[in-house]
Amino acid sequence: MTNAEILIVGAGHNGLVTAAYLAQAGKKVLVLEQRATAGGQLAGATLASGATVPGLHPAGQLRPVIVKELDLARHGLTMSAADAAYVSALPDGGSLRLVSSANDVATIEAIRRLSPRDAGCWPEFVGFMNRAAAFLDAAYSTTMPRLPKIELRWDGLPLASLALKLRRMGGKDMFRVMRSLSMSAVEFTEEWFESEPINAAIAGVAIHGVTLGSMSAGTGFTLIHNWLNRGGLAHRTTTGGPQGLTDALVKAVLTNGGEIRTGAGVAQILVEHQRVLGVRLESGEELKASTVVSSADPRRTLLGLVGAPELPPEFVWQTQSIRMRGSVAKLFVQTDGRHRLPEGTVAIAPTLKYLERAYDSTKYGEMSQDPYLEVTTSGADVMVHVQFATYALRNADWGSMRPELEKRAIDTLALHFPAFKGSVQSVQSITPVDLEQTWGLTEGDLNHGQLILDQIFFMRPLPGWSNHRTPIDGLYLCGSGLHGGGGISGTPGRNAARALLRG
Ligand SMILES: Cc1cc2nc3c(=O)[nH]c(=O)nc-3n(C[C@H](O)[C@H](O)[C@H](O)COP(=O)(O)OP(=O)(O)OC[C@H]3O[C@@H](n4cnc5c(N)ncnc54)[C@H](O)[C@@H]3O)c2cc1C
């Protein structure tokens, strides 16, 4: 039994953000999470193999406006103000340490050793990236209209205000931002810098989390997207890490009178005559409510939980066409502490071609022979993000490829940091199939839908449906597959709550 007016499917950070806003506005909300803990991808898990792993993230931060509006500081969340270091391994065995600040003397000196010209460009580059990210942030918090329909009051004015923001950037920045979105990371970085290691270091961030190579169109956009979510090239931390972020959001939901039930997987979203009636849990229990908001990915929600027979045929076809192509794997390595890896975010992205070749493997349904890696450490613990580990292996399966994934990642990292290999004591790995089975991500896609040019802004999750609504009255979407996602930001969750509250 529940007296909730609004049921929210999934307690990932976006589901929790939506719940906290709605509860703050006086709505009775109940969040239903299939797993034993809240947090979604921010939370650790026990895998099908029985192995336990911590949360998938070294760090993550919500948009400051959300921290303020939900008063998350009162619930224990503080952001790190420090500029973190981003360390890229160089082909000659050295490394390049970058701090994403325009005037960091050590960074400019490190770049100068590679190219005096590039050292001169760095402050302008950082300034541009911050302005471009601020514009993207403004675009993400503008609810997109259901084009071609524009409701002047709700859609027209925010869009006009966004256009004005772009115009106010000035002619040079305005055109640069617009061009950058469709450029490849190679084209984008080469317009700024002549030194290959600098370009490759930056391009590593552009392809992080997406199934795209450094030469793919649209990786100019993903670079700005990731820069926005991270606040630069490196990950920045919050107090208590990702778990601290989840804890603060859970407290915000509960103190505003909302409820959260874990171990409550939704098996079916109940619909009659294209109107939502509530949900049926995997336990068979039915909960009635006039509004359901899902933070599960759009394909899972619409085709899995609602079901094709309840939806218009063309909408079903469009939903089936959402591209979800996970290719991220992760290693959690326990070492004896003598790994000698630098602090900060460490990237194995030595050249632009290296990154493109790593991506090429996905075209053939293979795992990269020499993968792009991003590594973070916490004392003796080493977390290794691996790309590309394509979800859809052609002549193998992830059950048998796990040892090979671990071997390739460890060998690749050891090539650049030789002390690492001897320090390894135990390894746990997560494949794209684990992401699907344990975290509920269709095809292991951590962004709930690829961040590609035809799946962003008013086309996310589907053209004409970016306003968080669906063809089912009372059913809304609020997860990373919506405008403003993916990644950790809370923006889709906030946008969904605003769309729902304005009616
Ligand atoms: C290895 C890795 C690296 C990443 N790196 C970065 C990065 O550097 N920067 C960045 O910003 N982002 C990164 N991401 C992406 C980021 O973690 C996600 O985009 C974000 O956490 C998604 O949040 P969400 O709340 O939208 O969805 P999720 O966290 O996926 O939450 C959805 C929730 O819904 C629940 N659910 C699904 N189906 C049901 C059901 N039927 N019933 C009940 N509950 C259900 C799930 O269990 C889950 O808890 C990374 C992700 C991974 C895996």
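Helices here are DSSP runs of H or I with at least four residues, strands are E runs of at least two, and both are numbered from the N terminus.

Two housekeeping points, friends. Residues are numbered from 1 along each chain as its sequence is written. This is a predicted model, where local features need pLDDT of at least 70, side-chain atom pairs count only at pLDDT 80 or more, and totals for chains, interfaces and linings use all residues.

Back to H9. Twelve of its twelve residues are buried, so H9 is largely enclosed by the rest of the structure. Buried means that 20 or more other C-beta atoms lie within 10 Å of the residue's own; exposed means 12 or fewer, partly exposed is in between, and the C-beta atoms are placed from the backbone. Among the buried residues are Phe221, His225, Trp227 and Arg230. And what covers them? The cover includes helix H4 (116–140), helix H6 (171–182), helix H7 (185–192) and helix H8 (196–207).

Now let's zoom out to the domains. The protein chain is divided into domain 1 (6–77 + 239–323 + 445–502), domain 2 (100–230) and domain 3 (329–439); such bounds come from an automatic or database domain assignment. The centres of domain 1 and domain 2, taken over C-alpha atoms, are 27 Å apart. Their contact takes 24 residues from domain 1 and 20 residues from domain 2, with contact meaning C-beta atoms, placed from the backbone, within 7 Å. On the domain 1 side, we have ten nonpolar, eleven polar and three charged residues. For those classes, Ala, Val, Leu, Ile, Met, Phe, Trp, Tyr, Cys and Pro count as nonpolar, Asp, Glu, Lys and Arg as charged, and the others, Gly among them, as polar.

On to the ligand. Which residues come nearest? Of the 42 residues around the ligand, they are Gly10, Gly12, Gly40, Ser480 and Gly487; a residue counts as near when its C-beta atom, placed from the backbone, lies within 6 Å. By class, this shell has 14 nonpolar, 24 polar and four charged residues. Helix H1 (13–24), helix H11 (298–306) and helix H16 (432–439) each supply at least two shell residues, and H1 gives the largest share, three residues.

Next, some backbone geometry. Most residues other than glycine have a negative phi, and most peptide bonds are trans. Here, though, Arg460 and Pro461 are joined by a cis peptide bond, with omega about 5°. Pro461 sits in the loop between H16 and strand E17 (475–477). The bond from Gly485 to Gly486 is cis as well, with omega near 0°, and Gly486 is in the loop between E17 and helix H17 (491–502).

As for phi, His273 has a positive value of about 50° without being a glycine. This residue lies in the loop between strand E8 (266–272) and strand E9 (275–281). Is His273 buried or exposed? With 8 C-beta neighbours inside 10 Å, His273 counts as exposed. Arg340 also has a positive phi, near 55°, and with 12 C-beta neighbours inside 10 Å, Arg340 counts as exposed.

Technical notes
Contact = placed C-beta atoms within 7 Å.
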